[in-house]
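The following questions and answers accompany the sequence and structure shown below. Please try to answer each question from the display before reading its reply.

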Amino acid sequence: MSKKKKSQPAPTPETPPQNTPFELDSSEDTPPPVLPVLPLGDIVMFPGMIAPLLVNTKKSAKLVEDVGATGRFLICSLQKNRGVPDDQVALEDLMSAACLCRLLKMLRFPDDTVRVLVQGVSRCIVQGPAIEGAYLRSRYTVQSEVVEDTIETAALARNATTQFQDIIAMSPMLPDELKIAVVNIDEPANLADLIAANLNMSLEDRQALLAENRPQERLKRLGPLLNREREVLRMGNEIQSQVSQTFSKTQREFFLREQLKAIKKELGETDQSQLNANELEEKIKKAKMPPDVEKIARKEMDRLSSIPAASPEYGVIRTYLDILSELPWTTSTEDHLDIPRAAKILDEDHYDLKKVKDRILEYLSVLKLKRDMKGPILCFVGPPGVGKTSLGQSIARALGRSFVRMSLGGMRDEAEIRGHRRTYIGAMPGRIIQSLRKAGSRNPVFMLDEIDKLGADFRGDPAAALLEVLDPAQNSTFTDHYLDAPFDLSQILFIATGNIVDTMPAPLRDRMELIELPGYTQQEKLFIAMKHLLPRQIANHGLKRAQLSIPRETVAQVIAHYTREAGVRNLDRELASLCRKGARKIAEGRTQRISIKPAMLHTWLGPVRFESETAETQTLPGIATGLAWTFAGGDILFIEATKMPGSGQLILTGSLGDVMKESARAALSYVRSHAAELKLDPKFAENTDFHIHVPAGAIPKDGPSAGVAILAALVSLVTGKPIPSHTAMTGEITLRGRIMPVGGIKEKVLAASRAEITTIVLPAGNRRHLEDVPPEILKKVTFRFAQSADSALRYILNSSPPKRPAKRRHKK
């Protein structure tokens, strides 16, 4: 295969300039009708172009030897597939558009390679078929130029000349003699071939230009290629200029700094770098690092002293030493181990939460007896607004420790926990080490907020990195990637928070002690509002208790009719709204003191947002009240059932999940299989379609605890017996009629109490979970425990509403 050299030779006095028109003057210069065909792998020949070729195969060497001994004419054609060896190339593997060339010179070298110098004569078309022999030979047709002498052609030629001259001026690879050659060419055809032969472009573009015998079209195709090459060269020159300027500036700054050092030395002034080194040395001494870590710091100090301040690595090492020396390796706060005082502080900040407070006081008691005890890993789980984060702050205040909070919601990068390795540009320690550096203590109360909302992607899994952090047996040697040295986290009191346990990774959940904060009752909310929320909002709005008064009955109305939540976050917002409106009236001078009565809430907060949902429900057959658990606490759930003539189909609507749909099918199967016991026609479902709907269809619903409510709604529908609106139920049903226990009992009971439910039917297996329900709720609600479906139906369909005192109506 013939190959081109890396660069084309510039025209010299010994060789004619490239793309000089070659004419056949005499009969002996006329090529024969059949010529050898030389395959080319990485070059396209143009008429007038002179190029050296390297021949390194026996077949091609035989071809050029025969050409040199005879008429010196040959055809040069580009291979279609340049991966085919030269000895195996057939005529079909070559481009039909080729160049008729003349052999000018041939040299043989000791390594059995042949170098030839050829000049393009004219365009030609290889016609075939191939003629058998030692190498390829074929017939051909000379392709004449189709010249259009128009103004457009002249303009194209002039534009191409100007652009190519600019390229020659910017390119170091093109000789200046090309400018002279370009200016002295009058024919557009020769001009186009000269530019195509010397312009940097792909082989495909070169072959397309060779196949085009109209000079005007070739000049049009060259326009975009010339523009692109000129822009590439211009940008390359700009980049090179910027690099040269930057390098020159760096050299200049280096010499100036050396001169400044010499001047300061003569004046007896201390070098700034020496001052920095002395400062770092002092910080390392004060840090009291462990011996292994101090050894690493000393080693980095030695490297820093041998690196010039202008080096990029100087800043990296300096930052590393600053962080290393500012970490609290031995600094810790002294714990306040006065148990009664800690209990008083916890009671001041939070109402109830007995389990949480007892756990903290137990930790303090053990710590008082055993000072080297490792910190526990607590996890507060509960709906939003129940005080999980503020509880961590209260614990820190009771212990006398620093408080650090780190939000984990949406975190997807493992480096946020373990840090980046120092080999990366802009590397920093993980957020745990950074937080300890800011806290200035090695034993703070460290809150990991929203641990149930951790993410994971291609950058790693932060939950996996937290396994070491939250394991008391491992976190004493926690190694951050940036520090590359162990740091003891065992003295930290880690407290995690989350809304739901199910989304926490199982290995991570296993390392934490879960403490549930289910929510508050109406009375608890009222106490919290009067003792904590309302005084804080009055102070935050620049008011005094003498200026703004909100009685207990007003706050109770806000809780009952303007909020419905497990926590107190929305209640806090509503109280803030009342304070803002009161502050405006006082600031405008309309009054000096305001007392907000319940009757004023309609004007100040708008219409009532929440009414008792059970009070609005009509007592009709086919309607049951279920109890559901949500991320925000418990809630009541209405189940509506109806029937219509049909073919026995079951229609389910209301955005129900797969588990809830299965519960509905199981309930219908139970009713059909126990039709005789329910005094129903055994064929009652053959010509009837049943439709079960759960309102609030835009909210997805799922879970097994609605099985009893769906069964009750179906039985109520087919028997015509309505279910009292004051009765609610929960539990999972089986085909045999067993009632299985479910979770979230406390949250569901609290939700039923908020909705003024007075009778709740629970699975018998959930009796023990009522220990967590506040006593005031147990007094207000009657509980029925069922082990089977028939006992549950007796409780549900035969319950009678209790007598209630008449409600006092407030004028709006």
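Q: Is leucine 770 buried or exposed?
A: This is a predicted model, in which local features need pLDDT of at least 70, side-chain atom pairs count only at pLDDT 80 or more, and totals for chains, interfaces and linings use all residues. Buried means under 20% relative accessible area, exposed over 50%, and partly exposed in between (1.4 Å probe, protein chains only). The relative accessibility of leucine 770 is 10%, so the residue counts as buried.

Q: Which residues is leucine 770 in contact with, leaving aside its neighbours within four places in sequence?
A: Residues are numbered from 1 along each chain as its sequence is written, and side-chain values use heavy atoms, with hydrogens and water left out. Leucine 770 lies in the loop between β24 (759-763) and α25 (775-780); helices (H or I, at least four residues) and strands (E, at least two) are DSSP runs, numbered from the N terminus. Contact means heavy atoms within 4.5 Å. With those neighbours set aside, the contacts of leucine 770 are Ile745, Val749, Leu762, Leu778, Phe783 and Phe785.

Q: How many Å apart in space are leucine 770 and isoleucine 745, C-alpha to C-alpha?
A: Isoleucine 745 is among the contacts of leucine 770. In sequence the two residues are 25 residues apart, whereas their C-alpha atoms are separated in space by 7.4 Å.

Q: Why does the span of helix α2 agree with expectation?
A: The expected span of a helix is 1.5 Å times one less than its number of residues. Helix α2 (residues 151-170) has 20 residues and should therefore span 28 Å, which agrees with the distance between its end C-alpha atoms, 29 Å.

Q: Are α2 and α4 roughly parallel or roughly antiparallel to each other?
A: Axes are lines fitted to C-alpha atoms, for helices over the stretch in contact, and angles run from 0 to 180 degrees between N-to-C directions. Angles under 35 degrees count as roughly parallel, over 145 as roughly antiparallel, 65 to 115 as roughly perpendicular and the rest as oblique. The axes of α2 and helix α4 (residues 188-198) lie 10 Å apart at an angle of about 30 degrees. The two helices, α2 and α4, are therefore roughly parallel.

Q: Is the crossing of α2 and α4 left-handed or right-handed?
A: A crossing is left-handed if the near helix is turned anticlockwise from the far one by less than a right angle, and right-handed if clockwise. The crossing of α2 and α4 is left-handed.

Q: How many residues of the contact of α2 with α4 are nonpolar?
A: Ala, Val, Leu, Ile, Met, Phe, Trp, Tyr, Cys and Pro count as nonpolar, Asp, Glu, Lys and Arg as charged, and the others, Gly among them, as polar. Thr153, Ala157, Ala160, Thr161 and Phe164 in α2 touch Pro188, Leu191, Ile195 and Asn198 in α4. Of these residues, none is charged and 3 are polar, while the number of nonpolar residues is 6.

Q: Which residues of α19 meet α18?
A: Helix α18 (residues 552-562) and helix α19 (residues 569-587) pack at an angle of about 125 degrees, and they are therefore oblique to each other. From α18, Val555, Val558, Ile559 and Tyr562 take part; their partners in α19 are Leu571, Glu574, Leu575 and Leu578.

Q: Which residue class, polar or nonpolar, has 11 residues in the contact of α22 with α23?
A: Helix α22 (residues 658-673) packs on helix α23 (residues 707-719) at an angle of about 40 degrees, with the axes 9 Å apart. That angle makes the pair oblique. The contact involves Met660, Ser663, Ala664, Ala667, Leu668, Tyr670 and Val671 of α22 and Gly707, Ile710, Leu711, Leu714, Val715 and Val718 of α23. With 2 polar and no charged residues, the class that has 11 is nonpolar.

Q: What is the relative accessibility of lysine 679?
A: Lysine 679 lies in the loop between α22 and β20 (688-693). Its phi is positive, near 60 degrees, although the residue is not glycine. Lysine 679 counts as exposed, because its relative accessibility is 78%.
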